[in-house]
Amino acid sequence: MFHFIVSDHKTDYLLPPSVDDWLNEDHLARFIVEVVDQLDLSKLTRQYAGRGSKAYHPSTLLAILVYGYATGVFSSRKLERATYDSVAFRYIAAGSHPDHDSLATFRRRFLDELSDLFLQVLEMAKEMKLLKLGNVCLDGTKIEANASRHSALSYGHIVKLEAQLKAEVRELLALAEQADQADVPDGISLPEEIKRREDRLAAMAAAKEKIAARAEERYQREKAEYDEKMARRTAKEEASGKKLGGKPPKAPEPGARDGDQINLTDEESRIMPVAGGGFEQAYNAQAGVDAATMLVVAVGVTQATNDKEQVEPMLATLKAQAEVLGAAESLIADSGFCSEKNIMACEAAGIDPVIAVARDEHHPDWRQRHSEPAPLPENATPVQALSHRLKTKAGRALYALRKQTVEPVFGIIKSVMGFRQFSLRGLKKVTGEWTLICLSWNLKRMAKLRLQ
């Protein structure tokens, strides 16, 4: 005879059920509610006018968003549905059901305040003795924009398309002026066709202006770099008394190039190469991760494809946070961040630079891994000195922290938490959303660290 546990769906509860009893004591939802309740949300609450119907408290909406991002639920409609279907979300919302419009508006409205909340959470981690800032590993990852790369137009394509549309407008105007419109197919409205093309021409003219403005910014930046290189070259020639060999730097050319592009859906995103090959409409998301705890201590988002210019902004962030979190000891990054300027910036900030000068070989000779390099020349440049240090056993051990720290964080955010595409558009908004996902990661990590 078989014995089964029978599920009875019809017997009523003798007492009202408590959602509090349905979650484990160490559940992530409990921890998030506990942390959010301790945050100073006065900057958020002060922005409510107090008129009209009652609003959901910012702590409730924030906790729902944070837990949603931590568990891979990013859509405001799915978050609303989860407050009905999920025990954890029901616990966070305390039986209330914020609608998707309230959640989406809250997320969009308070993006600027997230950086302050991000720092508050890190300060709380320090108070809980979960964070002691030391070695910070820096890296960037491409996150897809909320726009298709097929919505992008290049400057050269716009010029060709403009000529085609103008020719079509002239042809349609000529047909409209003819008394006999026998050549016009049935069902075609000439005024509507003309207006549609004129609207597209106006949109493309605006796109050309934005591309031209970007090209001017690029030219001014490249011109400043060119002038700096030429000044250094001239100084070396004057010091040595002879002309330097090799080709001199090429002067940048002003104006837009045929390959310059703009996306009509999210004009602040850029087409970027992604891991595994190919290109996507994306942003370059940056994160500085503490090597000891894998907590993200600094965030940023840039439109630049490469990472060369991202060291100084990260140093500025770490300096601004030093009073609360303490000073970082070293900055560890791959070769994409390497330049003499970045090395000197780290040293000026009092942070030890551990930045790869070139890509490492995948299978180096075993003697290289167990030997020390030759002595460093006295007249070595900062780049040569750093390269020498990374060949030492101590330097290799310190640089090895990067691969086991920041890369797993990106991997978990993308593959486990499922955050591969921004929900919002525009550089300012996606920066806020990236701060939110990193804040969610930190709370998820803190919940795990406190149990160890």
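**Entry 1: L398**

I started with L398 and listed its contacts (heavy atoms within 4.5 Å). Leaving out residues up to four places away in sequence, L398 touches N135, S330, I332, V354 and R389. The model is a predicted one, in which local features need pLDDT of at least 70 and side-chain atom pairs count only at pLDDT 80 or more, while totals for chains, interfaces and linings use all residues. Residues are numbered from 1 along each chain as its sequence is written, and side-chain values use heavy atoms, with hydrogens and water left out.

I then placed L398 in helix α14. Helices here are DSSP runs of H or I with at least four residues, strands are runs of E with at least two, and both are numbered from the N terminus. The relative accessible area of L398 is 18%, so L398 counts as buried, a class that means under 20%, with exposed over 50% and partly exposed in between (1.4 Å probe, protein chains only). I also looked up the C-alpha separation of L398 and N135, which is 8.7 Å for two residues 263 apart along the chain.

**Entry 2: β7 and β8**

Next I checked the strand pairing; two strands pair if DSSP finds at least two bridges between them. β7 and β8 (residues 352–355) are parallel and have four bridges. L331 stands opposite P353 of β8. From β7 the chain passes through α11 to reach β8, and this β-α-β crossover is right-handed. Right-handed means that, with the strands pointing away from the viewer, the path from the first strand over the helix to the second runs clockwise.

**Entry 3: salt bridges**

I searched the whole structure for salt bridges (a side-chain nitrogen of Lys or Arg within 4 Å of a carboxyl oxygen of Asp or Glu). The search gave 20. I looked at three pairs.

The side chains of D334 and R402 form a salt bridge with an N to O distance of 4.0 Å. This pair links distant parts of the chain, 68 residues apart: D334 is in the loop between β7 (330–333) and α11 (340–348), and R402 is in helix α14 (residues 393–403). D334 and R402 are both buried. I followed the shared partners and found D139, D334, R402 and E407 joined into one network of salt bridges.

D260 forms a salt bridge with R218, and their closest N and O atoms are 2.9 Å apart. I noted D260 as buried at 13% relative accessible area and R218 as buried at 14%.

R232 and E228 form a salt bridge at 3.1 Å, N to O. Both residues are in helix α9, four residues apart, which means about one helical turn separates them. R232 is partly exposed at 45% relative accessibility, and E228 is partly exposed at 47%.

**Entry 4: nonpolar cores**

I took a nonpolar core as a set of buried Ala, Val, Leu, Ile, Met, Phe, Trp, Tyr and Cys residues joined through side-chain atoms within 4.5 Å. The largest core has 100 residues, and those touching the most other members are L62, L331, F419, W434, I437 and L443. Helix α16 (residues 427–449) gives the most to this core, 11 residues. I listed the contacts of F419, leaving aside neighbours within four places in sequence: Y69, F74, I143, I413, K414, E433, W434 and I437. A second, separate core has 14 residues, among them I158, L161, M204 and A207.

**Entry 5: positive phi**

Most residues other than glycine have a negative phi. I looked up two exceptions. A94 is not a glycine, yet its phi is positive at about 55°. A94 lies in the loop between α5 (87–93) and α6 (100–109), and at 67% relative accessibility A94 counts as exposed. M294 has a positive phi near 65°. M294 sits in the loop between β5 (279–290) and β6 (296–302), and at 16% relative accessibility M294 counts as buried.

**Entry 6: Q120**

Last I checked Q120, which lies in helix α7 (residues 114–127). Q120 is buried, with a relative accessible area of 15%. Not counting residues up to four places away in sequence, Q120 touches L39 and D40.
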